[in-house]
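Have the sequence and the fold open side by side as you read.

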Amino acid sequence: MTFEQMWAELEPIGRGPDGGYRRFAWTGPELECRAWFLAQAAARGLDVEPDANGNLFAWWGGPGPDAVVTGSHLDSVPGGGAYDGPLGVVSALAAIDLLRERGVRPARPIGVAAFAEEEGARFGVACLGSRLLTGAIDPDRARGLRDAEGRRFGEVVAGHGLDPLALGRDDALLGRIGCFVELHVEQGRALDAPVGVAASIVPHGRWRFDFTGRGDHAGTTLLEDRCDPALPFAHTVLAARAAAERHGGVATVGRAEIVPGGVNAIPSAVTAWLDARGPAEPVVRSIVEDVGRAADRAATEHGVAVEWAEESYSAAVEFDAGLRDRLARLLDAQVLPTAAGHDAGVLAARVPTAMLFVRNPTGISHSPAEHADLADCLAGVAALAAVLEELAGT
Ligand code: GLV
Ligand code: MN
Ligand code: MN
Ligand code: MN
């Protein structure tokens, strides 16, 4: 099956009427994508091995050490694009097809991975599958993470055949991975060629703000009698923008829940999530401190309680310099940093890791408008095949 045929099969899964995807981990559309991946792997005679953390692996070549692993993720943000994640998985399968057509017989095993809950759209922590695999998150904490309906991660994955007590760092599997190369659509406006090589990922994280006020009637309650948590929430959103400008980073409040959510009711509570990123850790920390101070101040001013805390933090990642330079030379490709998080950034703490980016003509991502031209996707497949052949040896 060609890249185009695979893409045509996967593309409709979980796409909403506005073109945006909603493929949350272990919900219908994401399970359909997983089943699709397993069927594709089986059709190629790859050995499928789900790991203990909900990640899927498919192997070409018997289990051995020093494998070259590629892949990405199948889940999406709410309203996400088609390419973020699936492009890396489909390209991996297409690259294997290309190598086989050419009669390449790799000396090292080649693995294709589909990591679970990369976006953290359901349980709140990005790259949850790769964090568990590498030991970057305490399995106890992971088990207790709740989705928007209050269901615990541990219970949800138990319903899909995983043993919640077996979650966590998997040294046996990591020991088989000699290196990891993730192909991903570029998510900014930095790449001016079909394919590029990643240099680094900026530090970034997520913080949760809980404002608690007093619910009341929107008509009969005098302004001076209100404890309205929407007011400090609004201050906090503006403070995030100002702090990002002041310190030279970026900050976003992309998700909030207003409780109970009645047009004619003063809210009793607001929960909001801050995403902050910057070129260096002190920038990110300064942004968050400023936003936290602004939230505290505005909450006091409006008679509202606020608590805020870090939900996850990803330190700056520099990809393996040897791999990066080898890939850039092999592909004669531009090397560029990114401000987007990836499983590759998590894997990089444990195995030599690199990334390939495929051009995104507008740079738009985490949006239905995210796009990559077919010719660039095919150039990505060819580049990935060349990289796998180079790294796996023949
Ligand atoms: C993942 O795409 C992220 O950067 O949040
Ligand atoms: Mn993403
Ligand atoms: Mn992604
Ligand atoms: Mn005010």
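Asp332 is exposed, with 8 other C-beta atoms within 10 Å. Here, buried means 20 or more other C-beta atoms within 10 Å of a residue's own, exposed means 12 or fewer, and partly exposed is in between, with C-beta atoms placed from the backbone. Asp332 sits in the loop between α10 (321-331) and β14 (334-338); helices (H or I, at least four residues) and strands (E, at least two) are DSSP runs numbered from the N terminus. Its phi is positive, near 50°, though Asp332 is not a glycine.

Trp26 also has a positive phi, about 60°, and is found in the loop between α1 (3-10) and α2 (28-43). Trp26 counts as buried because it has 21 C-beta neighbours inside 10 Å. Then there's the peptide bond between Val259 and Pro260, which is cis, with omega about 5°. Most residues other than glycine have a negative phi, and most peptide bonds are trans.

## What you're looking at

This is a predicted model, where local features need pLDDT of at least 70 and side-chain atom pairs count only at pLDDT 80 or more, while totals for chains, interfaces and linings use all residues. Residues are numbered from 1 along each chain as its sequence is written, with chains lettered from A and ligands numbered from 1 in the order in which they are written.

## The annotated site

An unreviewed UniProt entry marks Asp84, Glu119 and His366 as "binding site"; positions follow the numbering used here, feature names are shortened, and annotations may be inferred rather than shown by experiment. The three span 283 residues in sequence, yet no two of their C-alpha atoms are more than 10.0 Å apart, so they gather at one spot.

Glu119 is buried, with 22 other C-beta atoms within 10 Å, whereas His366 is partly exposed, with 19. Beyond four places in sequence, His366 is in contact (C-beta atoms, placed from the backbone, within 7 Å) with Val77, Gly80, Gly81 and Asp84. Ligand 1 is surrounded by Glu119, Ala126, Ala340 and Gly341, meaning that their C-beta atoms, placed from the backbone, lie within 6 Å of it.

## The cores

The largest nonpolar core has 91 residues; such a core is a set of buried Ala, Val, Leu, Ile, Met, Phe, Trp, Tyr and Cys residues joined through C-beta atoms within 7 Å. Helix α3 (residues 86-101) gives the most to this core, with 10 residues. A second, separate core of 27 residues includes Cys227, Ala240, Ile287 and Val288.

Note on methods:
Contact = placed C-beta atoms within 7 Å.
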